[in-house]
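Hi everyone, thanks for making time.

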Amino acid sequence: MAQNTGAKNQKRVLEGFKDALVLIQLVCIGLILFIFFRSNILLNFFSFDDGKTVLNYGVQYFKIISFFYIISLVGSIFVGFYRGTGHVNIPVIGTTLQISIRVILSYLLVKFMGIGGVALATGIGWIGIVTFQISVFVIKKYYKAEEEGE
């Protein structure tokens with residue numbers, strides 16, 4: 001993105017952005033299915049608990065968070081886009097928003113849902129940052145069209 005932005009090739013910037021979105025979605029579908037149905041396999045690499053407490057909490061966390069991975073990856077593409085086009089402030093603002101949402105919701109939801117509340121708060125935080133990034137993208141595109149139309 002940065003290279004094409006520097007070359008003033010806006011068409012290639014947008015094509016690369018769109019291609020990345022499609023590729024991420026294709027890869028993410030398989031990842032989500034694997035994590036949702038086989039998260040216990042992944043967690044066995046990290047769990048040394050004979051009582052399987054860690055495994056049970058981990059599976060609960062992964063089953064909830066897996067539905068949000070596609071949102072997280074779309075957010076990562078937007079971060080790359082904004083950094084590559086020189087708008088570094090947008091990912092910084094979005095990350096601050098996302099972390100704030102995660103912390104507040106984790107605090108509120110963990111009382112009712114346990115570790116699942118942390119997973120849900122994380123996913124909602126990711127939705128917040130992607131919503132912010134998409135909003136900025138649409139607003140910038142709108143104002144650019146307005147300037148060209150004048």
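Okay, aromatic pairs: this structure holds 11 of them. Rings of Phe, Tyr and Trp (its six-membered ring) pair if their centres lie within 6.5 Å, and planes under 30 degrees apart count as stacked, over 60 as edge-to-face and the rest as tilted. One of the pairs is Phe 17 with Phe 137, stacked at 5.6 Å centre to centre with 20° between the planes. That pair links distant parts of the chain, since Phe 17 is in helix α2 (residues 10-44) and Phe 137 is in helix α6 (residues 115-149), 120 residues apart. By helix I mean a DSSP run of H or I with at least four residues, numbered from the N terminus.

Quick word on where this comes from. It's a predicted model, where local features need pLDDT of at least 70, side-chain atom pairs count only at pLDDT 80 or more, and totals for chains, interfaces and linings use all residues. Residues are numbered from 1 along each chain as its sequence is written, and side-chain values use heavy atoms, with hydrogens and water left out.

Now, are Phe 17 and Phe 137 buried or exposed? Both are buried, meaning under 20% relative accessible area with a 1.4 Å probe, protein chains only (exposed is over 50%, partly exposed in between).

Next, Phe 78 and Tyr 82 are stacked too, at 6.1 Å centre to centre and 25° between the planes. They are four residues apart in helix α4 (residues 69-84), so about one helical turn separates them. Ring pairs link Phe 17, Phe 78, Phe 81, Tyr 82 and Phe 137 into a cluster.

Who else touches that region? Look at Gln 133, which is in helix α6. Gln 133 is buried, with a relative accessible area of 0%. Leaving out residues up to four places away in sequence, Gln 133 touches Gly 75, Phe 78, Val 79 and Tyr 82, where contact means heavy atoms within 4.5 Å.

Last stop: α2 and α3. Residues of α2 including Phe 36 and Leu 43 meet residues of α3, among them Leu 55 and Lys 63. What does the charged end of Lys 63 sit over? The ring of Phe 36, 4.7 Å from its centre. For that label, NZ of Lys or CZ of Arg has to be within 6 Å of the ring centre and within 35 degrees of the ring normal.

Conventions
Helix = DSSP H or I, 4+ residues; strand = E, 2+ residues; numbered from the N terminus.
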